[in-house]
Amino acid sequence: MLDLINVAYDTQIPNNVGLSTDKRVLKALERWHPGYINWWNDLIPEKFQKSLIYLRTAVSVDPKGWAKFDYVKMPEYRWGVLLAPQVEDRIIPCGEHYGKPAWQEVPGEYRSMLRRLIVIQGDTEPASVEQQRHLGKTAPSLYDMRNLFQVNVEEGRHLWAMVYLLQKYFGADGREEADDLLRRQSGSEEAPRMLGAFNEVTPDWLSFFMFTYFTDRDGKMQLESLAQSGFDPLSRTCRFMLTEEAHHMFVGETGVGRIVERTCQAMNDAGITDPYDIEKIRALGVIDLPTIQKKLNLHYTLSLDLFGQEVSTNAANAFNAGIKGRYMETKIEDDHQLHNDTYPVSQLVDGNIEVVDSPALSAINMRLRDDYTRDAAGGVGRWNRVIAKAGIEFELSLPHEGFHRQIGVFTGAPVTPEGRVIAKDEWDARRGEWLPTGADGDFIQSLMIPVSEPGKFAGWIAPPRVGIDNKPGDFEYVQLYMA
Ligand SMILES: [Fe+2]
Ligand SMILES: [Fe+2]
């Protein structure tokens, strides 16, 4: 009998989808595999490919205890195809087919819409690994290096997850799309990744933590909405990915939190009370809080752009088709069709920001983005508690939705982080107060000196409170390969 909880290792590709008896798909995946390994090997520096990393690997899809930890060389990591268990009698949770049994096969009329959504999601997964490819060389500790590589191998697995769906359900064009996912490259001129934020570089570790906090959280929200899909294999795939995603955001939240903590500590030790005394603070070898705010502004706004147009017919169509739901769709108490509902959307009218009630059906992206903002605010509150506890007067905050936008109603609008519309010249002149400048980047870069002694941390970041897998503070998370 097919075991749908535990992962089978009887084929080259670990899975809980019965690949050993699904020869057609197994063959397609085996054909795709060498290209994937080449992609991985080209990305990660050789030294780390040969190092032993203390990684978790999925052994089951049971939410309690799905992973086991062990030392692994990354190219030998067992990237697998894992779907959350099928929910019996699951229904299509929204749209015009609401209440009908969830689809187990691709509904013909929505084939291209589904394929597009899977490809867009799939494209982000390898892109983030590409963006983070150089960070191993400057890791502030072995603990952080291990976390980086854990995130990387799991983003690789997420690519596998989407490629499986393409090859299993979309025939020849699915196979072509799967190949293209390895052809596009983050930041490439000829074949860039599909979404803007995934073509930006991740030049330093503060950027990495901000990325995993803000941009992986966009990923989480997209997966949450796809987990509500009426196309059941997609829903099950995304549900399991979400269990992995939680660790990525943990890495981001605790990473930023540890930087904030270290800065406050260094300020207190030196008797500096003014958080804007930037030169003196930087001389301590820590990142000043205003610069952390600027990085937050950048990564948060790039991530808001990933939600697309606030009012969108594509989003309305996907919801109406039952292909994508709202965050926690099944928990919402309404008709799940939204024919007569409205949702507030901000507009820029004659230079003023006004909130207008829009048809809820076309404001699906906006609603998901609002859920995202609420979710993202939690960690910011926790960072602020660290600052308050240290007795420093400073508060980090999420900028206004109109600030620094490149997609949607506020595209290019000169809105301050507080949400004031100002003259374009003034905005341009003050840009460096709100967003990281070249000099800020250079300063952060100057701190990126690797630390690879077990239990030691770079001076700009505090050690974590607890280890991964409850390991002690001096645990050797990475056994570095020495050439
Ligand atoms: Fe992912
Ligand atoms: Fe992620």
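The structure is a predicted model, in which local features need pLDDT of at least 70 and side-chain atom pairs count only at pLDDT 80 or more, while totals for chains, interfaces and linings use all residues. Residues are numbered from 1 along each chain as its sequence is written, and chains are lettered from A and ligands numbered from 1 in the order in which they are written.

Begin with the C-alpha trace of the protein, which spans about 65 × 65 × 40 Å along its principal axes. Next, display the cartoon: the secondary structure comprises 13 helices and five strands. Helices (H or I, at least four residues) and strands (E, at least two) are DSSP runs, numbered from the N terminus. Of the 483 residues, 45% are buried (20 or more other C-beta atoms, placed from the backbone, within 10 Å of the residue's own).

Now select residues 232-270, helix α7, together with residues 364-389, helix α11. Their axes come within 9 Å and cross at roughly 20°; axes are lines fitted to C-alpha atoms over the stretch in contact, and angles run from 0 to 180 degrees between N-to-C directions. The two helices are therefore roughly parallel to each other (an angle under 35 degrees).

Finally, show the residues of this contact (C-beta atoms, placed from the backbone, within 7 Å). On α7, select Glu253, Val256, Gly257, Val260, Glu261 and Cys264; on α11, select Gly379, Arg382, Trp383, Val386 and Ile387.

Methods:
Parallel < 35°, antiparallel > 145°, perpendicular 65-115°, else oblique. Contact = placed C-beta atoms within 7 Å. Buried ≥ 20, exposed ≤ 12 C-beta atoms within 10 Å, placed from the backbone.
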